[in-house]
Amino acid sequence: MNTGTLSEIRFEERTTLMKNIIERIGELPNWSEYEPQIQHYSNYSSNVVTAASKIADVNRTYCTGRASFVYYESDDFGQLVRSDDEISVKYFKSILLYNALSSYNICIDLSWQVVWLFLSDLSLDLIYDEKKYNNYLNECNMETLNYKLTLAKEIKLKNHVNDFFNSAPTQKVRKKYNYYKHKGAFYVPGLGENLGNLPFGFNELTLKQMKREEFDLDEWCNILIEYQNCFYKYFEELINFVIPKTYLEQELDFFGDTIGYGLKVEEYLENK
């Protein structure tokens with residue numbers, strides 16, 4: 001029996017909860033370490049630098065989805081929701097899983113952009129011309145990416161991207177996300193009704209009514225965690241394809257790297 005103070009008991013409970021959550025969803029990734037610094041701008045080409053920056057974008061979005069699971073496992077949302085109101089708790093938890101579903105699907109498209117930037121040949125335009133950068137990213141989709149990977153003869157990378165996208169966990173999550181994106185809402189069991197027919201008929205006719213696709217919270221919590229773990233492995237390997245092994249080992253030489261990058265920019269601007 002725990003004889004500690006109330007605050008000590010709650011701290012112990014939170015610690016145990018976090019350990020259980022981390023066992024299910026894994027540790028935080030360290031992809032933010034790819035955020036380019038001055039030594040990277042100086043020593044690597046723009047396609048590598050911008051791809052690395054996009055990796056850091058994936059990290060933020062992935063962690064946003066992951067955070068939803070941390071909150072989802074809680075049974076006390078403080079001032080936001082009364083813990084004794086099952087309907088409100090379920091509604092709040094549904095919002096958290098909608099967020100995870102959306103965030104993890106955005107990560108797919110962002111991972112394509114990592115590869116798309118790696119394959120670019122726009123030099124410092126990617127950094128100094130925001131309009132050109134945005135237009136270039138807007139051209140990225142599965143079809144155009146596959147075409148560019150084929151032209152670049154990056155067959156292993158192409159297979160890696162396609163194998164993940166076509167895998168059963170990804171397709172299941174993608175299909176659910178596309179429904180949500182286009183239809184706007186699911187039916188969560190326990191939150192209202194979702195009958196396909198009216199409870200009465202007319203002249204022996206069945207009277208149909210509109211219904212929504214079901215989104216069972218416990219089921220989709222498990223599905224999204226499985227997908228998240230698959231994405232983690234996929235993206236770790238994708239990083240190995242596009243980022244040089246020396247990238248994270250590059251030491252900072254503040255003055256030398258500032259001069260090196262400055263000379264790059266000077267030459268770029270002179271040739272525009």
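Predicted model: local features only at pLDDT ≥ 70, side-chain atom pairs only at ≥ 80, totals over all residues.
**View 1**
Asn47 sits in helix 3, which covers residues 46–72. Is this residue buried or exposed? Its relative accessible area is 16%, so Asn47 counts as buried. The cut-off for buried is under 20%. Leaving aside residues up to four places away in sequence, Asn47 touches Leu117, Phe118, Ser120 and Leu126.

**View 2. Helix 3 beside helix 4.**
Helix 4 spans residues 86–118. The axes of helix 3 and helix 4 come within 8 Å. They cross at roughly 165°. Helix 3 is therefore roughly antiparallel to helix 4, because angles over 145 degrees fall in that class. The crossing of the two helices is left-handed. Which kinds of residue make up the contact of helix 3 with helix 4? There are 17 nonpolar, ten polar and four charged residues.

**View 3. Helix 9 across helix 10.**
Helix 9 holds residues 168–183, and helix 10 holds residues 217–242. Their axes come within 9 Å and cross at roughly 125°. How are the two helices set relative to each other? Helix 9 and helix 10 are oblique. The reason lies in the classes: 65 to 115 degrees is roughly perpendicular, over 145 is roughly antiparallel, and an angle between those two ranges counts as oblique. Helix 9 passes helix 10 in a left-handed crossing. On the helix 9 side, the residues in contact are Pro169, Thr170, Lys172, Val173 and Lys176. On the helix 10 side, they are Trp220, Ile223, Leu224, Glu226, Tyr227 and Cys230. This contact divides into seven nonpolar residues, one polar residue and three charged residues.

**View 4. Asn166 in a loop.**
Where is Asn166 found? Asn166 belongs to the loop between helix 8 (155–165) and helix 9. Its relative accessibility is 51%, so Asn166 counts as exposed. The cut-off for exposed is over 50%. Now pair Asn166 with Gly260. These two residues are 94 residues apart in sequence. In space, their C-alpha atoms are 43 Å apart.

Key: Residues numbered from 1 in each chain as written. Heavy atoms only, no water. Helix = DSSP H or I, 4+ residues; strand = E, 2+ residues; numbered from the N terminus. Buried < 20%, exposed > 50% of the residue type's maximum accessible area, 1.4 Å probe, protein only. Contact = heavy atoms within 4.5 Å. Axes fitted to C-alpha atoms, helices over the stretch in contact; angles between N-to-C directions. Parallel < 35°, antiparallel > 145°, perpendicular 65-115°, else oblique. Left-handed = near helix turned anticlockwise from the far one by under 90°. Nonpolar A, V, L, I, M, F, W, Y, C, P; charged D, E, K, R; others polar.
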